[in-house]
Amino acid sequence: MGPGPVNADPRVLRALSTPLVGQYDPWMTATMTETMGLYRQVFATENEWTMLVDGTSRAGIEAALVSLLEPGDDVVVPVFGRFGHLLSEIAERCGARVHQVEAPWGQAVPASAVREAVARVRPAVLAVVHGDTSTTIAQPLEELGAIAHEHGALLYVDATASLGGNPFETDAWELDVVTAGLQKCLAGPPGSAPITISPRATEVIDARRSVEAGIREPGEETSSRRIASNYLDLAQIIDYWGPRRLNHHTEATSMLYAARECARVILQEGRDAVIARHRAAGDAMAAGLAALGLALYGDQAHRMANVVAVEIPAGVPADGVRTALLADFGIEIGTSFGPLHGKVWRIGTMGVNARKDAVLTTLAALEQVLRRAGHTAPSGAGVDAALAVYAERPAEVATVGGHA
Ligand SMILES: *Cc1c(COP(=O)(O)O)cnc(C)c1O
């Protein structure tokens, strides 16, 4: 029950043990194409170039930024937690000039502040995190696409922690490149980064295409502005997933199987149903924690559906509580980074853990551990408050796929 990675869906674990086939086996290429179609639905997009980058979520972030940014480009990065700093650092390594727009931790960045910075800087890229698990805040994205495009910028979004568990609309929100990972709401293992690329961003990437000498055809040029990474070169990754099937890396076969199964599991339950299940679990957890007398951290109106942060009560040993939860109850909750270290715990309800029994068991165990640590609350108050939230929701949101 931490902020991710979380338990994988058993179906995904089984998919990982599917026999391997060669990289140009017809079943392999058909599975790649099928997976592109599945992730178009998960991202809510018609983007042709919707595929996987091999590596953890960070590989997706780097692929996006290194493929869009050239040395000397300007990039605007709204920062409201740790991952905004990560985007800034990666953009800097690409040689870009980074302009941060900061919000205090625990709040989202106002769209007006982003608009002002984009109008002033006129960046090549506006790069933003959707859900920043370090603060549990979800940045509203609805207006950012229009802001970027009005000023000739592309909009990149890191949706690693939010995709699947929170409302997300790639096309309707005019997002140009979005990357994710499997180990949060998608209920898979870390190691594959789904990505989607708009036609507008594809144009920028296409202009930087390079084909490796050993497989280049006569007359094929390599752009003088070629992308600085070979492995994370989205132009080459597009050529590998697309009809040319130009050899690049060897697609990580087992992770392809896992990513495909993650998408199938979500789409079978229904994208909206999965989001509603995450919302119910997050709300029930938040209500339960508040009823245990814990202060919720951050602007609750902008809290991600799938992770809640609570302030650690004075006098309670932060790490001792986490250790006891794990050792005595087999439940893991999260610590925090940077300015929040030692101040808040982060409790996730994502993927297969976004279900009623997991929420109730965690609250019951936490009440017990807190009592032994000297923090008392009315007996059973956390579980009662969570049950009250579930009582107001449709029965299907209590369990994964609506199954008993
Ligand atoms: C968890 C998380 C990541 C993780 O990146 P990995 O390379 O998979 O460890 C990236 N971005 C955000 C916003 C996250 O919450």
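**Group meeting: a walk through the predicted model**

Let me start with a pair of strands: β10, residues 307-311, and β11, residues 344-348, run antiparallel and are joined by five bridges. Within that pair, Val310 is the residue opposite Trp345 of β11. Before I go on, please keep in mind that this is a predicted model.

How much of β11 is buried? Five of its five residues are, so the strand is largely enclosed by the rest of the structure. That holds for both faces: Val344, Arg346 and Gly348 lie on one side, Trp345 and Ile347 on the other, and all are buried.

Now to the sheet. Seven strands make it up, in the order β1-β9-β8-β7-β4-β2-β3, and it is an open sheet with mixed pairing. At its edges are β1, residues 49-54, and β3, each of which pairs on one side only. From one strand to the next, the twist averages 20°.

Strand β2 covers residues 74-79, and six of its six residues are buried. Asp74, Val76 and Pro78 point one way from the strand, while Val75, Val77 and Val79 point the other way. The partner β3, residues 97-102, pairs with β2 in the parallel sense over six bridges. In this pairing, Val75 sits opposite Val98 of β3.

The other pairing is between β4, residues 125-129, and β7, residues 154-158; these strands run parallel and are joined by five bridges. Here Ala127 is the residue opposite Tyr156 of β7. Helix α4 packs on the sheet, where it touches β2, β3, β4 and β7, and its direction makes about 165° with that of β2.

That brings us to the helices. Helix α4, residues 82-93, also meets helix α3, residues 57-68: their axes come within 10 Å and cross at roughly 45°. The two helices are therefore oblique to each other. The crossing of α3 past α4 is right-handed. On the α3 side, the contact is made by Arg58, Ile61, Glu62 and Leu65, and on the α4 side by Arg82, Leu86, Leu87, Ile90 and Ala91. Sorted by class, that contact has six nonpolar residues, three charged and no polar ones.

From α11, the contact uses Val321, Ala324, Leu325 and Phe329; from α12, it uses Ala365, Leu366, Gln368, Val369 and Leu370. By class, the contact of α11 with α12 has eight nonpolar residues, one polar and no charged.

Which elements do the buried residues of helix α8 pack against? They pack against α2, β1, α3, β9, α7 and α9. Helix α8 itself covers residues 234-241 and is mostly covered, with eight of its eight residues buried. Among them are Gln236, Asp239 and Trp241.

Next, the segment before α1, where Val6 is placed. Is Val6 buried or exposed? Its relative accessibility is 12%, so it counts as buried. Leaving aside residues up to four places away in sequence, Val6 touches Gln183, Lys184, Gly188, Met350 and Asn353. Val6 and Ala63 are 57 residues apart in sequence, and their C-alpha atoms are 24 Å apart in space. Pro5 is found in this segment before α1 as well. The peptide bond from Gly4 to Pro5 is cis, with omega near 5°.

To end, some backbone geometry. In general, most peptide bonds are trans, and most residues other than glycine have a negative phi. Ala44, in the loop between α2 and β1, has a positive phi of about 60°. Thr136 has a positive phi too, near 70°. Thr136 lies in the loop between β5 and β6, and it is buried, with a relative accessible area of 0%.

Conventions: Residues are numbered from 1 along each chain as its sequence is written. This is a predicted model: local features need pLDDT of at least 70, side-chain atom pairs count only at pLDDT 80 or more; totals for chains, interfaces and linings use all residues. Side-chain values use heavy atoms; hydrogens and water are left out. Axes are lines fitted to C-alpha atoms, for helices over the stretch in contact, and angles run from 0 to 180 degrees between N-to-C directions. Helices (H or I, at least four residues) and strands (E, at least two) are DSSP runs, numbered from the N terminus. Angles under 35 degrees count as roughly parallel, over 145 as roughly antiparallel, 65 to 115 as roughly perpendicular and the rest as oblique. A crossing is left-handed if the near helix is turned anticlockwise from the far one by less than a right angle, and right-handed if clockwise. Contact means heavy atoms within 4.5 Å. Ala, Val, Leu, Ile, Met, Phe, Trp, Tyr, Cys and Pro count as nonpolar, Asp, Glu, Lys and Arg as charged, and the others, Gly among them, as polar. Buried means under 20% relative accessible area, exposed over 50%, partly exposed in between (1.4 Å probe, protein chains only). Two strands pair if DSSP finds at least two bridges between them.
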